Amino acid sequence: MEKVAVIGAGSWGTALALVLADNGHDVRLWGRRQEQINEINTIHTNEKYLPGVVLPAGIVGYNHLKEAVEGVRTLLLVAPTKAMREVLRDLVPVLDEPVTLVHASKGIEPETYKRVSEIIEEEVPAEKRRSIVVLSGPSHAEEVSLRQPTTVTVSSSAIEEAEFVQDLFINQNFRVYTNPDIVGVELGGALKNIIALGAGMSDGLGYGDNAKAALITRGLAEIARLGTKMGANPLTFSGLTGIGDLIVTCTSVHSRNWRAGNMLGKGEALDDVLKKMGMVVEGVRTTKAAYQLAKQEMVEMPITSVLHDVLFDGKDAKEAVDELMKRSRTHEVEDVSSLISDGLAE
Ligand SMILES: NC(=O)C1=CN([C@@H]2O[C@H](COP(=O)(O)OP(=O)(O)OC[C@H]3O[C@@H](n4cnc5c(N)ncnc54)[C@H](OP(=O)(O)O)[C@@H]3O)[C@@H](O)[C@H]2O)C=CC1
Ligand SMILES: O=C(CO)COP(=O)(O)O
């Protein structure tokens, strides 16, 4: 049995705390609102984020970070990407021993283009961390908390640390794989949220399954294009954290990104949509980050680019689709076009 502190009592932190408690670990779930922590400790629910779910008694809520992390060797960080630096800056002074830092957040920071593991590396001094491990994959909190079959991947540069985390979480409902490609695992998880916004928008506009299949497939192509440019293994994008997460987020009504996109497609304004959601919609900030990063790296990302214009420049969603459909003709598989331009195939 391990002592694990889960930092972030939103939907995903609470669902992962439930998996750890089911596995018999001593789970401390930290949240910043005292009334939420009282609810977790007295009636064992977190109604705002996981309505109807009764939490195992093995989850104890904490409102004070220092108390939550005392004597703990493993921390699971599940704050929205936007809040990650702030949370880490509060956390570092209360860490006495080096810890394994697992994170399960999916985003890229717009100002720096940093992945979450890079933010952790910057904020937590080397002497306070054993390793950084990423947990990602097709996994909605709503289904995990009902103990429905789910698969995820953990990734770390230290395989024994990834296997340690695999063992912490794995059970008959929650199957955990390892993959050493941190860059690919994190970029797949972050960038799929952009495409999910687009899939929701397409549904909101009244387009059908053909359009959604196109978005998923061409979305994967541009995710892999940027990902490999940033150093990822292209094979990672055909795994759970690539196509797997893209499928679930583009097709599930649980997806906050899909739902936000759907409202945008129906003509609602971004600010109103975000207010209505009441939960984090990571794809919005990640669209900004990916759009700028792709420009800097000179990587073509047509879907991300039109979505950026819809979200931040007032482009009409229907016009954005027209623009995508009217792009000049091209090959489906880039390797073919480079072979042709090199005169090696025709
Ligand atoms: N939900 C899911 O199914 C999945 C989510 N993820 C990822 O997990 C991450 C967290 O998402 P999720 O749990 O769904 O988000 P939610 O919107 O459900 O919850 C957000 C949580 O973060 C807290 N929070 C927000 N801002 C701050 C801050 N500045 N300081 C401290 N805590 C803060 C909120 O606290 P408060 O209630 O007090 O506002 C709340 O506990 C995201 O990166 C998401 O992409 C990944 C896989 C699945
Ligand atoms: O990452 C997720 C599922 O794997 C959650 O996606 P949403 O944030 O769109 O709900």
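Reader: Is tryptophan 12 buried or exposed?
Author: In this predicted model, tryptophan 12 has 27 C-beta neighbours inside 10 Å. A residue is buried with 20 or more other C-beta atoms within 10 Å of its own, exposed with 12 or fewer, and partly exposed in between, with C-beta atoms placed from the backbone. By that count, tryptophan 12 is buried.

Reader: Which residues does tryptophan 12 touch?
Author: Tryptophan 12 sits in helix H1. Contact requires C-beta atoms, placed from the backbone, within 7 Å. Leaving out residues up to four places away in sequence, tryptophan 12 touches Val78, Ala104 and Ala141.

Reader: Which residues come nearest to ligand 1?
Author: Residues are numbered from 1 along each chain as its sequence is written, while chains are lettered from A and ligands numbered from 1 in the order in which they are written. Since the model is predicted, local features need pLDDT of at least 70 and side-chain atom pairs count only at pLDDT 80 or more, but totals for chains, interfaces and linings use all residues. The shell takes residues whose C-beta atom, placed from the backbone, lies within 6 Å of the ligand. It holds 27 residues, and the nearest are Gly10, Trp12, Ala83, Ser105 and Met279.

Reader: Which element gives the most to the shell around ligand 1?
Author: Helices (H or I, at least four residues) and strands (E, at least two) are DSSP runs, numbered from the N terminus. By class, this shell has 12 nonpolar, 10 polar and 5 charged residues. Ala, Val, Leu, Ile, Met, Phe, Trp, Tyr, Cys and Pro count as nonpolar, Asp, Glu, Lys and Arg as charged, and the others, Gly among them, as polar. With 4 residues, the top contributor is H4.

Reader: Where does ligand 2 lie?
Author: 14 residues surround ligand 2, and Ser139, Thr249, Ser255, Arg256 and Asn257 are the closest. H10 gives the most, with 3 residues. Both domains give residues to this shell, so ligand 2 lies between domain 1 (3-180) and domain 2 (191-341).

Reader: Is arginine 256 buried or exposed?
Author: Arginine 256 belongs to helix H11. It touches Met277, Met279, Val280 and Val281, not counting residues up to four places away in sequence. With 22 C-beta neighbours inside 10 Å, arginine 256 counts as buried.

Reader: How many residues of domain 2 are in contact with domain 1?
Author: The domain bounds come from an automatic or database domain assignment. The domain centres, taken over C-alpha atoms, are 27 Å apart. 21 residues of domain 1 are in contact with domain 2, and the number on the domain 2 side is 21.

Reader: How far apart are the farthest two C-alpha atoms of the "binding site" residues?
Author: The UniProt annotation (unreviewed entry) includes Trp12 and Arg256. UniProt positions use the numbering here, feature names are shortened, and annotations may be inferred rather than shown by experiment. The residues span 272 residues in sequence and do not all gather at one spot, because the farthest two C-alpha atoms are apart by 22.7 Å.

Reader: What is the radius of gyration of the protein chain?
Author: The chain has 16 helices and 8 strands. The radius is taken over C-alpha atoms, and the globule rule is 2.2 Å times the number of residues to the power 0.38. That rule gives 20 Å for 346 residues, so the chain is as compact as a globular protein of that length, with a radius of gyration of 20 Å.

Definitions and conventions:
Contact = placed C-beta atoms within 7 Å.
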